[in-house]
Each structure stands twice: as structure tokens, then as C-alpha cells.
Amino acid sequence: MKKFICSIVFVFIVISAIALGIGLGFDYKKVDTVYINEVIQCLNKGESVEEIVYDYTLIDKTGKVLFTTKQVNDIDYNTRLSRALADGDIVVDYGDNKIIFYTMAKERFYNMRNTLIWIVAAAFVVMGIIMAIGCYLIYRRTIKPFKNLKSFAEEVAKGNLDSPLILDKYLSFGEFGEAFDIMRNNLRESRLNEQNVYMERRRLLQEIGHEIKTPLSTIKAITECNLAVSDDENYNIILRKVNSIDNMVNDFYQKALEEEGQLNVFITKHSIEEFKNLIVENDYNKKVVLGEIVCGNVLYDKKRMVQVIENIISNSYKYADTNISVKMRIEDEKLKVTFKDYGDGVAPEQLSYIMDRFYRGEKTEEKLGQGLGLNICRKLVVRMGGDIKCYNDNGFVVELTLDMLKNYQ
């Protein structure tokens with residue numbers, strides 16, 4: 001680019017120098033003094049010149065025309081001399097007489113001026129053509145590649161990493177564009193590697209989940225059988241631990257699906273009575289106390305809602321181990337359900353983080369868990385068109401908000 005600009009400047013200087021040289025070297029037709037002397041000598045001899053270069057007139061002191069090579073008017077002596085000098089003619093003394101040579105100074109001046117104007121105009125035309133060519137080359141070498149680079153950057157920002165950037169490396173942005181395309185290839189390879197990692201992780205989680213769940217199912221079945229014939233508390237402990245491990249595996253697997261955008265929900269209509277039954281069915285310690293049941297139809301994914309309710313109840317038993325009060329109310333054509341335990345609650349400064357991924361409160365260090373349960377619940381409830389929030393009210397409260405059927409009619 002630097003060389004190109006220097007070349008354009010050099011061409012301008014050369015053109016300007018040529019125009020200036022032509023102007024300075026213009027052959028301005030000077031007065032032919034040899035001819036004037038020849039005329040004077042011929043007059044002395046009483047002869048006439050062979051070739052007339054300038055017309056001339058010989059007058060005496062009274063203004064009388066003694067001899068002339070062209071027709072002139074009879075005018076006053078002083079007036080004739082004044083006009084001759086004003087027109088740039090040459091006045092020469094010839095004894096007591098005067099010779100006026102009509103050198104056509106004005107005509108020669110205008111001819112010279114017109115010639116110089118044409119020279120300057122031609123120089124400007126040439127410079128204009130060179131400027132147009134220069135602008136075109138600048139557009140081809142700089143502006144157009146830059147526009148292509150801008151479009152390419154927009155496509156990369158949108159996530160399109162498959163379209164290469166085609167630029168001549170000898171253009172102004174050529175090397176920069178080549179580096180940009182290398183970056184695109186690196187980003188594309190990184191994305192492919194990331195996708196491969198996601199797929200490998202998902203496959204690994206599925207394999208681990210399968211390998212863990214198989215023996216867990218056996219242990220759980222044997223423990224439940226023993227509980228049926230024995231009141232040994234150890235079997236209850238084993239069953240709780242088995243359920244905790246099973247929940248951990250489910251949480252990790254659900255979080256992996258959510259990160260990959262595969263945590264789908266299928267919303268259908270359910271009565272509030274059905275929703276109440278889900279709560280009762282997942283109350284494995286039988287400590288849930290249901291308040292008044294309202295009437296109506298609510299919209300949710302049954303399979304996902306089981307996950308949400310199971311997680312809320314198991315968290316309450318794990319961290320508070322008290323009765324759980326469940327109340328329902330209809331507000332602004334939405335069903336609001338509160339799950340309240342009577343434990344110590346959560347520190348106020350931790351409430352805003354309680355549903356963040358992998359976050360665990362300061363009182364949960366000795367409890368099994370990964371800090372994924374409430375995070376997954378929030379994702380599921382939001383995808384079902386609802387909302388979830390947590391707060392303290394003489395215990396820890398989880399409030400679900402779900403859409404009722406009226407909102408969709």
C-alpha cells in the first residue's frame with residue numbers, strides 16, 4: 001500500500017513538471033527586430049521590402065500618412081500614437097517622422113493564453129484519468145477486500161465457520177485476511193473438538209450411569225425385600241444411601257442433557273388433583289402436609305414435573321428433615337405452590353446463589369450432593385413456562401408458579 005501511494009504521488013509530480021515545462025518553454029513569438037531594421041533600410045533607399053512581416057505606416061509630425069502597407073484612417077497625430085502604444089505596436093523614429101509597426105501584440109497574447117489554457121486543461125485531464133485509475137486500484141486493493149473482510153467477520157460472529165475468506169495475499173489486507181482465515185480454521189477445529197468432547201462426555205455419562213444403576217437396582221431391591229421382613233434400621237440407611245447415589249447420577253445426566261440443549265419438555269394439560277397426587281407419590285417419608293386443594297387445570301410435562309417435585313422434597317428431607325407444608329393458590333390465572341419446611345433455612349446472603357450450578361450452602365458440606373438439583377429444577381420449570389423462587393419464612397420455602405389452561409385459550 002505504501003509503495004502504491006508513493007507511485008501515485010510520483011506520477012502526479014511528473015505530470016505537473018511536464019505541464020510546467022511546456023508552459024515555461026512555450027515559444028512566445030517575439031518582435032522581429034531584423035525585419036524592422038530591414039524596413040528602415042529599404043525606406044532609406046526608397047525601396048520596398050520583399051516580404052511584409054508586419055504592416056507599417058509612415059507619418060509625419062502633422063499626422064499625415066506618407067506611406068502605409070494597409071488602409072488606415074486619418075486621425076490626429078497624438079491620437080494615432082496613443083492608440084499604437086495602447087495596442088502594443090512598435091513606434092520607431094525615422095528622422096522627423098514616425099514609423100508605426102503593427103505587431104498584433106493582443107492577438108499574439110490571446111493565442112499564447114489559449115495555448116497555455118489547453119496545456120493546463122490537458123494536464124488536468126491526464127491527472128484526472130490517473131486519479132480515477134488510482135481510486136479504482138485503491139478500491140480493488142483496499143476498500144473491496146475490507147468489505148469482504150467485514151462480511152466474513154459478521155459470518156464468523158454468527159457462528160458460520162465453514163466459508164473460507166478468499167483474498168489475494170498481495171492486496172493491502174491480504175496478509176491480514178490470510179491470518180483471519182487461519183483463525184477461522186482454528187475456531188472451526190476448536191468447535192469440532194468441543195463437540196467431540198461433548199459427545200464423548202455424554203457417552204461416558206451414559207456408560208457410567210448404566211454401570212452404576214445396574215448394581216444400585218440390585219442393592220435397592222434386596223434392601224427393600226429385607227425391609228419387608230425386618231425392622232433393622234441399617235436397611236433404611238442403606239436404602240437412603242442408594243437413593244442418594246441414584247439421585248446424583250440422575251442430576252449429572254440431566255445437567256449434561258441441559259448443556260447440550262436436549263433437555264426437552266412436552267407440555268400437556270393436567271388437573272390440579274393430578275398434581276397433588278404427584279406430590280403424595282414422591283413423599284417417601286410421608287411428612288408432607290397438604291393444605292386446601294384448589295380446582296383447575298395446569299400445564300406441565302409430567303415426567304419433568306416428577307423430577308422437580310422429587311428434588312424439592314428430597315432436599316427438604318436431606319437438609320431440614322421436618323414436616324413439609326404444601327399450599328396452593330390461584331393468583332393472576334397462575335397456580336402458585338409453596339413447599340415449606342421448618343428447618344433453619346438458608347443464610348440470606350446465599351439465597352441469590354442457591355439455584356446456581358454447583359453452588360452449595362455452608363451447611364451442606366456433610367451432605368451428599370453436587371449443587372445441581374435446584375439448578376436443573378429451575379431450567380425445567382422455566383421451559384414449562386413457569387417460574388421458581390426460594391426464600392426464608394420460618395423455614396426454607398420453594399415456590400413454584402405454573403401456567404393454568406386459561407392462559408392458552
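What is the relative accessibility of Lys389, and does the residue count as buried, partly exposed or exposed?

Modeller: Lys389 has a relative accessibility of 42% and counts as partly exposed. The classes are set by relative accessible area, taken with a 1.4 Å probe on protein chains only: under 20% is buried, over 50% is exposed, and partly exposed lies in between. The model is a predicted one, in which local features need pLDDT of at least 70 and side-chain atom pairs count only at pLDDT 80 or more, while totals for chains, interfaces and linings use all residues. Residues are numbered from 1 along each chain as its sequence is written, and side-chain values use heavy atoms, with hydrogens and water left out.

Lys389 makes a salt bridge with Glu399, in which the closest N and O atoms are 3.6 Å apart. The term stands for a side-chain nitrogen of Lys or Arg within 4 Å of a carboxyl oxygen of Asp or Glu. This pair links distant parts of the chain, with Lys389 in strand β10 (residues 387-392) and Glu399 in strand β11, 10 residues apart. Strands (E, at least two residues) and helices (H or I, at least four) are DSSP runs, numbered from the N terminus. Through shared partners, salt bridges join Lys389 and Glu399 with Arg329 and Glu331 into one network.

Glu399 also meets Arg329 in a salt bridge, at 3.7 Å from N to O. Here too distant parts of the chain are linked: Glu399 belongs to strand β11 (residues 396-403) and Arg329 to strand β8 (residues 324-331), 70 residues apart. Glu399 is buried, with a relative accessible area of 5%. Arg329, by contrast, is partly exposed at 34% relative accessibility.

The structure holds seven salt bridges. Glu273 and Lys276 are separated by about one helical turn, because they are three residues apart in helix α7 (residues 272-281). Glu273 has a relative accessible area of 38% and is partly exposed, whereas Lys276, at 18%, is buried.
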